[in-house]
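Visitor: Please take one part of this model and go through it closely. Keep it brisk.

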Amino acid sequence: MPADPLHRATSPKRSMTSQPPRGPGASAVEVRRSARRSRTVSAYREGDRTIVLIPARMSEAEERRWVTVMLDKLAAQESKRILGDSELTERAERLSGQYFEDRARPTSVRWVTNQNTRWGSCTPAEGSIRLSHRLQGMPEYVVDYVLLHELAHLLVPGHGPRFWRLLEAYPRTERARGYLEGVVAADRLPHLPAARSE
């Protein structure tokens with residue numbers, strides 16, 4: 001069942017269901033079913049809510065799957081806008097409040113172009129966090145995970161059990177780690193030679 005590009009649909013809604021936010025700080029999701037919508041699924045942001053429009057005949061399992069797909073698509077679209085350093089700092093402060101009770105307080109958060117083997121780094125003594133420019137354009141939940149990882153280092157320097165317990169609060173930790181592992185694996189694949197022009 002193909003999903004059309006994300007846009008605001010004009011078909012009237014037949015019924016509505018609401019889904020609770022997924023994880024701390026997540027926005028509410030409202031699912032609107034329409035009898036006039038036969039195949040397409042679309043989604044858009046409306047204030048602090050995400051509206052997902054689906055065909056009325058969809059099963060609950062299909063609805064759950066499509067909500068996840070559309071939330072990821074929206075996040076990917078939004079992450080294409082490159083955040084500046086000040087926006088990164090604001091995001092880090094918001095994440096610290098949501099997941100670490102404001103205990104992780106960085107003095108600076110910025111993008112750097114000299115980290116090609118790490119996604120981020122933290123200097124706890126200075127309170128500084130640096131994110132690799134390679135994260136720019138990746139889904140928001142991946143950038144948030146790397147920020148949270150580095151924020152956690154302001155509270156726990158190493159990667160012991162206490163550190164990983166801190167990150168368990170973020171519901172997309174495993175998914176983000178899988179995404180980053182996939183990027184690393186793809187970089188290691190042999191590249192096909194360019195086609196020669198005759």
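Guide: The model is predicted. Start with the loop between helix 2 and strand 5. Helix 2 covers residues 85-100, and strand 5 covers 108-112. Glu101 lies in the loop between them. Asp102 has its place in that loop too.

Now the backbone. Most residues other than glycine have a negative phi.

Next, accessibility. Glu101 has 65% relative accessibility. The cut-off for exposed is over 50%, so Glu101 counts as exposed. Asp102 has 38%. That value lies between the 20% and 50% cut-offs, so Asp102 counts as partly exposed.

Turn to strand 2, residues 28-34. Glu30 is found there. Is Glu30 buried or exposed? Its relative accessibility is 11%. Buried means under 20%, so Glu30 counts as buried.

The side chain of Glu30 takes part in polar contacts. One joins it to the side chain of Arg32, at 2.7 Å. Another is made with the side chain of Arg49, at 3.3 Å.

To recap: Glu30 is a buried residue with side-chain polar contacts to Arg32 and Arg49.

Notes
Residues numbered from 1 in each chain as written. Predicted model: local features only at pLDDT ≥ 70, side-chain atom pairs only at ≥ 80, totals over all residues. Heavy atoms only, no water. Helix = DSSP H or I, 4+ residues; strand = E, 2+ residues; numbered from the N terminus. Buried < 20%, exposed > 50% of the residue type's maximum accessible area, 1.4 Å probe, protein only. Polar contact = N/O pair within 3.5 Å; in protein donor to acceptor, adjacent residues only side chain to side chain.
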